[in-house]
Every structure is written in structure tokens, then in C-alpha cells.
Amino acid sequence: KRIRMGKIFTALGLMSGTSGDGVDASIISSNGVDNYSNILNKYFKYDQKIYEKLHYLKAKISQLKDLKKNEKEIYSLEKDITLFHAKVTNEILQSTDKNIDFIGFHGQTIYHNPLEKISKQIGDGNLLSQLSKKKVIYNFRKNDIQNGGEGAPLAPIFHKLIVKQNKIDLPVCILNIGGIANATLINDYDKDSFLSRDLGPGNCLIDEWVRNNIKKKFDFNGDIAKRGKINDLILNQALENFENRPNQKISSFDVKDFSLGFVRGLDLDDGAATLTEFTARIIGIELLNFLQDLKNKLCKILICGGGRKNINLIDRIKNTMPKNLIIQPIDDYGVDGDYIESEAFAYLAIRSFLNLPISFRNTTGCNVPTVGGKIVKNY
């Protein structure tokens, strides 16, 4: 039984990205179609035990058979992560007087491979529903993959709503730099004429390099890379390898698709500098390919995600861009660039409940617009 379109729902979106450092939580109200209002955004850092366990486990999972091989550890981590999300949820529920209709629970991606038709997020929707006494909508990517899609990216339908609601001039491109970088191009406020795809690495390589070499989780402002010297020989070889990679028809990435192998042997600073330039060049090249129909048109590229705070990375991306493509933070429009993904999963939860599509041929490559998300009520 579906509810009429005009009704406004309130949803809590919970997102833990590829950096695996914590949970972004957002409450929004929306009719699931053409409006939304943000009520709350908050970040909850994973405790050190979960953080270490997650990165240790992710390092062990590089192919499908590793999911089976590490089943016990995955199950144990899934429980820890779900309990953490439940704690976050209950803390939020106590701090707001809003009635939350449902929770959009993304879970933590531990393996993504479109060729094998799998995108594995851990997070127990039934347990979260039981502990929060709320309907939970989770497993957003499965239906898309079963309909021929790649399971990612899923935020574009929400990107379009942000652009429309804030009356941002068209055409506009939203560039999200999380662990992976992806882009959405919006040409029209109303039609489903938006395009989206992953571009390549976002923060994943730089973060991993920093994590492996010093007791930090990322390169703040890009300061480490700024001190280093780019190794051009290594860089050019790595760019050539990326350009000639197999399976180029696959347009969504997992962090596992990229390796630090080519900077092994460099010191901390030079490695960070070379990886930052590598990341910036790929984002630049792929963005220009993605926006090739806008050759001389003015187009704003609005950046969101943690990578927008790496000033050095952003400057290097700007160096690859022609004058007609203007890069600026999405925050300039009064939108908090840290919480777009968590707001998106609150919005996707509402759409899933209303049986409205969340992925499209031009976003994930699915055969038909696809509804996603499994709805559970376990209390």
C-alpha cells in the first residue's frame, strides 16, 4: 500500500563512506520528489577498535572468495558497526522532537565489483530496526545490480534536487570527492536528463598512504603533499597504466581498484605529492571527458565531500581545467558539503518507501529506472 505523493516524510540518513572513519547522520523532511528541508547534520567518529578492525578486514578482502574466507570476522564487524549505528540513532532520536518515519541505512561497503554483480555493504537492518524501534530501509544497491546497473553512484537523484531547490544556474556539475570521486551533470531541473559516473580515486590513495606511514588518517589541507616533490617518471607511468586499464566500460570503482604499489619506495612527502598529483590529474582528465559536450559553455563544478577540504588537491584539479569550467565549493550555496551523502540516503529511503526509482540508465547503467532499498520493521 503506497501513500499519496503530497505527504511529507521525515527520515534519518546514515552514511559511512569509503574512508571508514565514522558515520555521517542527517535528518531531512521531504515528499520524496521535489522538495526537502534539512533538520540536522551530525558526525560520529568510529571508536578506534572499530576503525582498526574495519581497515584490517578491508585490506584482507580483495576478491569475491575473500568474503567467504573471512565470513566470521565480517559477521563480527557487522554486529559492531550495527550497534554503533544504533547508538548514534538513539542519541539523535533523544535530541530531536521530530518524529522519524524511517531510517535510511547505507552500511559500510567492504567489497564492490560490478563485473561480478556484487556490492557488499555490512550492516544488519533487522537489528538496527529492533534497537531503534524504527522502520529501516537498507541494501540500496542490490536491485540496481540485478537490473543490469553497477550499484553506484546513487546520490545523483538527490544532487538534482539540491540544484533545483537552490535554483543553481544550469548546466551544473556536482563533483563529490569521497574515497572515490564521482560527478553528476544536470542540464534540466525537471527531466530525468542527468548524467553521472565515477571518475577515479578521490581521497582513498592519499588517505591510505598517510595511514600506512604515520599515525594520521588523512593529509590535512594537503600540507604533507605540499612539502614533497612529485616524481614525474612514476606519475606518468601510473597515469598511462590507468588509461590502459582493462574493463574500461565499467564506470564505477572500488577503492580496491587502486593500489599504492607505484609509490612504494618514496618517502612520506614525495609519495603524498605524487599521489595527490595522480588523483588530481585523473579527476581532471575524466571530468573533461565527462563534460565534453560543454566545450565552450560556462559551467560551474560544485565540490562536495571530504576531498574539497584538501586545498592542495583542489588547486591541482583547477590547474587541469579550462577557463569555462569554474570550480567552487557547494557550501557557497548554503549547502553543507560534508553531509550530502547522508542527506541523500535519507531522501533515498523516502523514495524507496514511495516505490520511486533511485537509479537510472544514465547514472548506474541499469536497464530501467530502478527502485532500491529493502524495508524492514522488527519491533
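Biologist: Which residues touch the most other members of the largest nonpolar core?

Modeller: In soluble globular proteins, nonpolar side chains tend to be buried together. This is a predicted model, and its largest nonpolar core has 37 residues. F102, F140, F158, I162, I330, I340 and L348 touch the most other members. Two or more residues each come from β1, α6, β7, β10 and α12. The largest share, 9 residues, comes from α12.

Biologist: What does L348 touch, leaving out residues up to four places away in sequence?

Modeller: L348 touches F140, L154, I157 and I358. There is also a second, separate core of 32 residues, which includes L14, L54, L57 and I100.

Biologist: Which residues lie nearest the centre of the second largest pocket?

Modeller: They are H55, D207, E208, R211 and N212, out of 25 lining residues. The elements that give two or more residues to this lining are α1 and α7. By class, the lining has 8 nonpolar, 8 polar and 9 charged residues. The volume of this pocket is about 650 Å³.

Biologist: How many disulfides are there?

Modeller: A disulfide is a covalent bond between the sulfur atoms of two cysteines. Here the count is 0. For C173, the nearest cysteine sulfur is that of C299, 5.9 Å away. The cut-off is 2.5 Å, so a pair has to be within that distance to count.

Biologist: Is C304 buried or exposed?

Modeller: C304 counts as buried, because its relative accessibility is 0%.

Key: Residues are numbered from 1 along each chain as its sequence is written. This is a predicted model: local features need pLDDT of at least 70, side-chain atom pairs count only at pLDDT 80 or more; totals for chains, interfaces and linings use all residues. Side-chain values use heavy atoms; hydrogens and water are left out. A nonpolar core is a set of buried Ala, Val, Leu, Ile, Met, Phe, Trp, Tyr and Cys residues joined through side-chain atoms within 4.5 Å. Buried means under 20% relative accessible area, exposed over 50%, partly exposed in between (1.4 Å probe, protein chains only). Helices (H or I, at least four residues) and strands (E, at least two) are DSSP runs, numbered from the N terminus. Contact means heavy atoms within 4.5 Å. On a 1 Å grid over the protein atoms alone, a cavity is a set of points where a 1.4 Å probe fits but cannot get out, and a pocket is an open set with protein on both sides within 12 Å along at least five of seven lines; lining residues have an atom within 4 Å of a point. Grid points are joined across faces, edges and corners, and a volume is the space filled by probe spheres set on the points. Ala, Val, Leu, Ile, Met, Phe, Trp, Tyr, Cys and Pro count as nonpolar, Asp, Glu, Lys and Arg as charged, and the others, Gly among them, as polar.
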